[in-house]
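Open the model in your viewer and keep the selection tool at hand. The stops below follow one another.

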Amino acid sequence: MLRHADDVEEGSALTADVCIIGSGPAGLTVAAELVGSGLSVLVLESGGEQWDPRTQALAEGRVTGEGFRFNSNEVTPDQVRLRQFGGSSNHWTGMCRPLDPHDFEVRPAVEGSGWPFGADTLAPYYVRAAASCDLATDEFDAGWWQDQTGTPLLADGHPVRTTVFQFSPPTRFGTKLRPLLEADARTQVLLWANVTSIDTGPAGSRVDRLRVATLSGRRFTVSAGRYVLAVGGIEVPRLLLASTGTVPSGVGNANDLVGRHFMEHPHHPAGRVLFARPRDAWDFYTIGQSTLADGSTVSRWAGLGLSAEAQAQAGIGNASVQLYPGLEGGELRGGRDDETSAMRAVGRLLTRGAGDPPLGVLSVRTEQVPDPENRITLGRAVDELGLPRPVIAWHLNPEDRATLRATTRLVGEHLAASGAARVELDPSGTPVEDWPTEIGNHHMGTARMHVDPDQGVVDPDCRMHEVENLYVAGSAVFPTSGMANPTLTLVALAHRLADHLRA
């Protein structure tokens, strides 16, 4: 059942077995998986079913350091995350890929790397997540795609590999799961319900209740056996840090880890590429569709990256190079379509009188080292409900820039050696590291998972180390980010968390 929080009587004390804060992909996946479990579930959503400017303003915050740029514009948190039923899936582009197996491992080049479990643990949940995201297949192996589609690959191994991404329709989780949740007598969704405080007992080790408010002034509380905080990588630490009624440092923050290790996926325009082969040789590496052996059509986009061994040898993190082809003189991403003398020379070399080759640009999405100084803190400004607004301190480290430079160089060398294309780095004369960095709107790591409470906020079951009945769902728990979009992984983790709660 969906209800308006203003229909709750002032001062009421609601109860449930499980209370889920947030109705994005993670929160709604947990709620849907608990249908039929016998547990009563209450979902609290800040917004309604449609975008509302007053509610959206609650998400405003400030970014310091590198700054957030998206589509060449400076953006703030309220512009890239949605407070409404279904969360940010309402503007999700649907790009999906699981983390690579080595992303779960301890890697000397990525300080702070290593998940509490390996890729095999999450493998069955990725299958379920692919279904939740309405993907055509849960296969991402490049060789499988080559066999299915008959598409030639530009790389498939060491040192350079093909990285396959799929696109969800995209799934709007609120629209998809509303009928299921409404039909379940044990599930209730409260819209326009804003959690303003997580109240714990005297020791801070157990949540006693949540304080909830509406923008119209209604106030009530919610008590549950267990709570799931699923409001995103910025709002999770914001709410924990703002809940200081019992512990001045915030809920679950005795070790000063809440809000630290914030990660994004930096996106860099990194060079120009001249393709020497016909279009069908590289068409798989542009955003488009492929037909599988069963006749189904799949939206996909393959990139190029380094193998795990090559990353280790180069001492760098994970990354994927995406191609944006276009015809010479056409409009290309990043405003970098002015031909240079170097590119004209490469063009003459490659075409050998056969006419101008296709021209494109490279965009590199890189993993970011989990740095404790990249963090969410609370500022002096407050929102309409009195919660301090978040301040996001974010910068790139030398290790992040090394990943960008080495990945682009090695992929470029591979393309040239194979005769597929020539890559020109820094075509403007400006080093690639100095080009404006854009973001993927992927907020990760601020309540990171670790077996050791001195190194992480939640345990392998996503339960907070210091709070026995409080769990975190979503990409805030990622110890490292890899280079893949986070949605498929956070939905897989939500399925796993739901199984734990059911048990």
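For every residue count on this tour, Ala, Val, Leu, Ile, Met, Phe, Trp, Tyr, Cys and Pro are nonpolar, Asp, Glu, Lys and Arg are charged, and the others, Gly among them, are polar. The model is predicted: local features need pLDDT of at least 70, side-chain atom pairs count only at pLDDT 80 or more, and totals for chains, interfaces and linings use all residues. Residues are numbered from 1 along each chain as its sequence is written, and side-chain values use heavy atoms, with hydrogens and water left out.

**Stop 1: the second largest pocket**

Select Pro98, Leu99, Asp100, Pro101 and Phe140. Of the 25 lining residues of the second largest pocket, these are the closest to its centre. The pocket holds about 630 Å³ of space. Pockets and cavities are found on a 1 Å grid over the protein atoms alone: a cavity is a set of points where a 1.4 Å probe fits but cannot get out, while a pocket is an open set with protein on both sides within 12 Å along at least five of seven lines, and lining residues have an atom within 4 Å of a point. Grid points are joined across faces, edges and corners, and a volume is the space filled by probe spheres set on the points.

The lining of this second largest pocket divides into 12 nonpolar, five polar and eight charged residues. Which elements give two or more residues to the lining? They are α4 and β8 (160-167). Helices here are DSSP runs of H or I with at least four residues, strands are runs of E with at least two, and both are numbered from the N terminus. The largest share, five residues, comes from α4.

**Stop 2**

Axes are lines fitted to C-alpha atoms, for helices over the stretch in contact, and angles run from 0 to 180 degrees between N-to-C directions. Angles under 35 degrees count as roughly parallel, over 145 as roughly antiparallel, 65 to 115 as roughly perpendicular and the rest as oblique.

Now show side chains. Contact means heavy atoms within 4.5 Å. On α4, the contact residues include Tyr125, Tyr126 and Arg128; on α12, they include His495, Arg496 and Asp499. By class, this contact of α4 with α12 has nine nonpolar, four polar and three charged residues.

**Stop 3: α1 and its two partners**

The axes of α1 and α12 come within 8 Å and cross at roughly 35 degrees. The crossing of α1 with α12 is right-handed. A crossing is left-handed if the near helix is turned anticlockwise from the far one by less than a right angle, and right-handed if clockwise. Pro25, Ala26, Thr29, Val30, Glu33 and Leu34 of α1 take part, and their partners in α12 include Val491, His495 and Arg502. The contact of α1 with α12 divides into 10 nonpolar, two polar and two charged residues.

Helix α1 (residues 25-34) and helix α6 (residues 173-183) have axes that come within 10 Å and cross at roughly 20 degrees. That makes α1 roughly parallel to α6. This time α1 passes α6 in a left-handed crossing. Pro25, Leu28, Thr29, Ala31 and Ala32 in α1 meet Phe173, Gly174, Leu177, Leu180 and Leu181 in α6. The classes in the contact of α1 with α6 are eight nonpolar, two polar and no charged.

**Stop 4: backbone details**

Most residues other than glycine have a negative phi, and most peptide bonds are trans. Select His158 and Pro159: a cis peptide bond joins them, with omega about 5 degrees. Pro159 sits in the loop between α5 (142-149) and β8. Move on to Pro169 and Pro170, joined by a cis peptide bond with omega about 10 degrees. Pro170 is in the loop between β8 and α6. Then pick Trp192, whose phi is positive, near 60 degrees. Trp192 lies in the loop between β9 (187-191) and β10 (194-200).

**Stop 5: a cavity**

How many cavities of 30 Å³ or more does a search of the whole structure find? One. The largest cavity has a volume of about 40 Å³. Select its lining, which includes Asn253, Asp256, Pro453 and His465. That lining of the largest cavity has five nonpolar, five polar and two charged residues.
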